[in-house]
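Please consult the sequence and the structure shown here while reading.

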Amino acid sequence: MTGKLQVFPQTRLRRLRRAPFIRDLVRETSLDIKDLIYPVFVVETPAGETDIASMPGIRRWSLDNLTRHLTGAVELGISAVAIFPVIDPALKSVDGREAFNSKGLVPRAVARLKKEFPDLGLITDVALDPYTSHGQDGIVDDSGYILNDITVDALARQALVQAEAGADIVAPSDMMDGRVGLIRRALEERGHSNTMILSYAAKYASAFYSPFRDAVGSAAALGKADKKTYQMDPANSDEALREVALDISEGADMVMVKPGLPYLDIIRRVKETFDVPVLAYNVSGEYAMVKAAAHAGFIDEKSCVLESLLAFRRAGADGILTYHALDAARWMTT
Ligand code: PBG
């Protein structure tokens with residue numbers, strides 16, 4: 001900061017905004033394609049391939065077509081994807097055991113994508129909700145309460161299966177206590193010491209996930225139930241720091257804040273408090289809002305998206321998971 005406050009007319013902040021060259025020179029934050037992670041939905045059969053009504057432009061891809069789709073994404077400069085499965089309802093169960101089937105959809109998708117795109121970073125979601133008949137992220141007791149410790153055992157098995165298939169990063173998004181530590185231990189014991197853990201450390205019980213739940217088909221299963229006994233209360237901020245501290249101490253390599261735009265204050269606090277990479281998830285509901293407003297002609301999509309992504313970086317995010325990744329990559333290269 002300047003020692004003595006300079007006032008008008010000595011100081012005219014508009015001088016630094018007058019021309020593009022100087023705006024470019026003094027810009028504090030930048031956005032690059034390499035900062036973006038593209039979330040994708042994978043489904044078992046080409047017959048199951050569909051667009052997602054609440055997420056225009058996003059599709060549930062079968063493996064062959066996902067491979068084709070990602071060829072274009074890689075050409076655009078996308079360097080990492082997060083894989084989310086749409087599981088056949090016949091394979092869903094009360095305990096979500098399909099999550100750790102080593103021949104399941106996710107391990108097969110990982111193995112295939114790793115083979116096709118050896119340099120593409122593959123991130124897999126560790127959580128039971130796509131696999132449970134009730135749509136919760138964990139195993140429930142008779143009263144519907146999500147049981148922590150047996151869920152964590154299942155998550156560790158799921159993470160191992162993903163690592164064995166070749167995932168670079170496993171990303172627990174479930175918010176059970178102690179899962180990062182158990183996953184880290186399981187990975188180390190089985191020789192996966194280079195598999196990274198991206199923990200969804202500060203994940204809130206948010207209404208902005210509903211298009212995603214449509215996409216993976218957990219919305220109907222979940223019905224009127226919510227996830228407030230494990231995901232965080234949107235009113236809390238100090239608690240996010242406790243969550244992040246625990247996950248780092250348990251062995252998380254990177255932490256995530258989710259949702260994104262309504263939680264930029266949390267990203268900033270986490271980044272200022274901890275010296276770890278912080279990612280942000282620009283979630284499905286945020287995407288849906290921009291798409292709907294742009295479609296109605298109320299906002300300019302490109303400018304609003306690029307401004308929002310830059311805002312994540314300004315808040316302190318090192319990387320951003322966003323369904324806008326492909327469009328943004330296109331806009332940034334042309
Ligand atoms: C579930 C999971 C969710 C998202 C990512 N992983 C939904 C939820 O917690 O109910 C949401 C992503 C999005 O809304 O884009 N483990």
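Two rings of Phe, Tyr or Trp form a pair if their centres lie within 6.5 Å. In this predicted model, the count comes to nine aromatic pairs by this rule. With a relative accessibility of 0%, F41 counts as buried, and Y323 is buried with a relative accessible area of 3%.

The ring centres of F84 and Y281 are 6.4 Å apart and the planes are at 40°, so this pair is tilted. The pair links distant parts of the chain, since F84 is in strand β4 (residues 80–86) and Y281 is in strand β11 (residues 278–282), 197 residues apart. Both F84 and Y281 are buried.

Which residues do ring pairs link into a cluster? They are F41, F84, Y200, F212, Y281, Y287 and Y323.

Charged side chains also lie over aromatic rings, as the table shows.

| Charged residue | Ring | Distance to ring centre |
|---|---|---|
| R59 | W61 | 5.6 Å |
| K203 | Y209 | 5.3 Å |

On the surface, L13, L16, L25 and V26 form a nonpolar patch with about 390 Å² of accessible area together. One of these residues, L16, is placed in the segment before α1 (20–26). L16 counts as partly exposed because its relative accessibility is 41%.

Terms used:
Residues are numbered from 1 along each chain as its sequence is written. This is a predicted model: local features need pLDDT of at least 70, side-chain atom pairs count only at pLDDT 80 or more; totals for chains, interfaces and linings use all residues. Side-chain values use heavy atoms; hydrogens and water are left out. Patches are made of residues with over 30% relative accessible area and no salt bridge: like charges are joined within 9 Å, nonpolar side chains (Val, Leu, Ile, Met, Phe, Trp, Tyr) within 5 Å. Accessible areas come from the Shrake-Rupley method with a 1.4 Å probe; for residues, only the protein chains shown count as cover. A salt bridge is a side-chain nitrogen of Lys or Arg within 4 Å of a carboxyl oxygen of Asp or Glu. Helices (H or I, at least four residues) and strands (E, at least two) are DSSP runs, numbered from the N terminus. Buried means under 20% relative accessible area, exposed over 50%, partly exposed in between (1.4 Å probe, protein chains only). Rings of Phe, Tyr and Trp (its six-membered ring) pair if their centres lie within 6.5 Å; planes under 30 degrees apart count as stacked, over 60 as edge-to-face and the rest as tilted. A charge sits over a ring if NZ of Lys or CZ of Arg is within 6 Å of the ring centre and within 35 degrees of the ring normal.
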